[in-house]
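Please look at the model below with its charged side chains in view.

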Amino acid sequence: MTESKKTPFYNIHIDAGAKMVDFAGYKMPIQYKSITAEHLRVRETVGAFDLSHMGEFFVSGGKALDFLQMMTVNDVSALEEYQVQYTAMCYPDGGIVDDLLVYRLPDKYMLVVNAANIDKDFAWLEEHLIDNVTLHNASDDFGLIAIQGPDAQKVMEKMTDINLDDIQFYYSAEGDVAGHKMIFSRTGYTGEDGFELYIKPDICPELWEAAMKSGAEFDIEPIGLGARDSLRLEMKYALYGNDIDQTTNPIEAGLGWICKPEKGDFIGRDAVVRMKEEKPPRKLVCFELQERGIPRHGYKILNDEKEIGDVTSGIFSPSLQKGIGLGYVPRKLSKSGREIQIEIRNKPTPATIVKPPFYKDGTHR
Amino acid sequence: MSEQELKYTKEHEWIRVEGDIAVIGITDYAQGELGDVVFVELPEVGEQVKQMESFGTIEAVKTVADLYAPVSGEIAEKNDRIESDPAVINSDPYGDGWFVKIKMSDTGELDKLLSYDDYKPLTEG
């Protein structure tokens, strides 16, 4: 086991009193003071996340588009310059290698992948590399700050002259922020409006300070991975390793909307098309507990006392003040409104399947 | 009563002895490690508990932990306030955040508990 890497913001977290954990090979802040307070800060005004553990790859060359069309399930050819796309890479059997973002930049593509999958993804891409494509792992060349919340744009406006109204949801730009040229996008994993900034490591502390200063009037606070998880779960955004992995097909995970078989061939296409046509045997559903309690990863989902699946993600929702979770259940039992039970410490606790998202007042555009 | 005068378990519970009654809570270190407590499950008054056996559950946003009875006896009182307002466990772990009072059946069991000086190192490093 190699020692965990430190992000360029490590000392800032320590000074802020963060509780640090090893996550995907990085020392990351799980919380500063309180997951609940950090969660609500992002829902109410704005918060700043260190996401430097995420991986960044660049793909360039004359055949870069062809290569990415083959490697990912979404239609990369549909992207306008600076547009961003949520997509996934699949194995031939339809299992998911990773979910990721693809940025179409003027002369290349940037892929943003999950930290835990950086090595695996890079090896997978390298294995399928074709002529006239250059693939570069730039994960160590970037820190990443996410500024998320209804007031995120106001914070950004104080740091840049770029007209942010021109940058729509899932678009990016390249320009000066706090005096430094960088790529940033209106993207996020919280359900709120927000931006993600890709920053050279040496200027990361300076950028963090600038964000804190610009955000002071909106009570900006640093937000840890704990709140990142509860924020994403309230939106039913899948977490790789919990809700999706090499054993789940995008269709059963509710990610059919990112699969574009009409674009042509891609790795996993047959399996995706087959599951779409035959309907998935099981589906990832959202459920809310009717009583006090918290569903946790791995708890059993029951229907009439019979096990029908298990919880892939669960938490006490700070916004809804109740236990919420995701899990796979047979398609025939997956309709919203159905009453199920979650087995919590040997006790079946009543729950209801609900339509996503759990939190419906997000400000993302 | 100061923290120095309380007794402790290695599961990070504190015990305040008042005659044959033991008041139970979790330490400031424990609440900090757990993070925001959102839910507790406590036994009912009158239930019998046995030393070192699980008698309840504490759920924080990210984790769940068992509560272990530091002494054997009968639940004499439980803190209803922490069931409706579990955040008080985080804000006042040695005061309003107490869990239960146990009427001890064997005060000799107290000898197995840790002193402040024994407990303190468990919260360091």
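Helix H7 of chain A, residues 225-234, holds both Asp229(A) and Arg232(A), which sit three residues apart, about one turn of the helix. Helices here are DSSP runs of H or I with at least four residues, strands are runs of E with at least two, and both are numbered from the N terminus. The side chains of Asp229(A) and Arg232(A) meet in a salt bridge, with 2.9 Å from N to O. The term salt bridge stands for a side-chain nitrogen of Lys or Arg within 4 Å of a carboxyl oxygen of Asp or Glu.

The model is predicted: local features need pLDDT of at least 70 and side-chain atom pairs count only at pLDDT 80 or more, while totals for chains, interfaces and linings use all residues. Residues are numbered from 1 along each chain as its sequence is written, chains are lettered from A and ligands numbered from 1 in the order in which they are written, and side-chain values use heavy atoms, with hydrogens and water left out.

Is Arg232(A) buried or exposed? Arg232(A) has a relative accessible area of 1% and is therefore buried; Asp229(A), at 15%, is buried too. Buried means under 20% relative accessible area, exposed over 50%, and partly exposed in between, for a 1.4 Å probe and protein chains only.

Arg232(A) also forms a salt bridge with Asp243(A), where the closest N and O atoms are 2.7 Å apart. This pair links distant parts of the chain, since Asp243(A) lies in the loop between H7 and helix H8 (269-278) of chain A, eleven residues from Arg232(A). Both Asp243(A) and Arg232(A) are buried.

Another salt bridge pairs Arg345(A) with Glu59(B), at 3.1 Å between the closest N and O atoms. Arg345(A) is in the loop between strands S19 (339-344) and S20 (347-354) of chain A and Glu59(B) is in strand S6 (residues 54-60) of chain B, so the pair joins two chains. Arg345(A) is partly exposed, at 30% relative accessible area, whereas Glu59(B) is buried, at 0%. Salt bridges with shared partners join Asp229(A), Arg232(A), Asp243(A) and Lys62(B) into one network. Over all chains, the whole structure has 27 salt bridges.

Helix H7(A) also meets helix H2(A). Which residues are involved? In H2(A) they are Ile35(A), Glu38(A), His39(A), Val42(A) and Arg43(A), and in H7(A) Gly226(A), Ala227(A), Ser230(A), Leu231(A) and Glu234(A), contact meaning heavy atoms within 4.5 Å.
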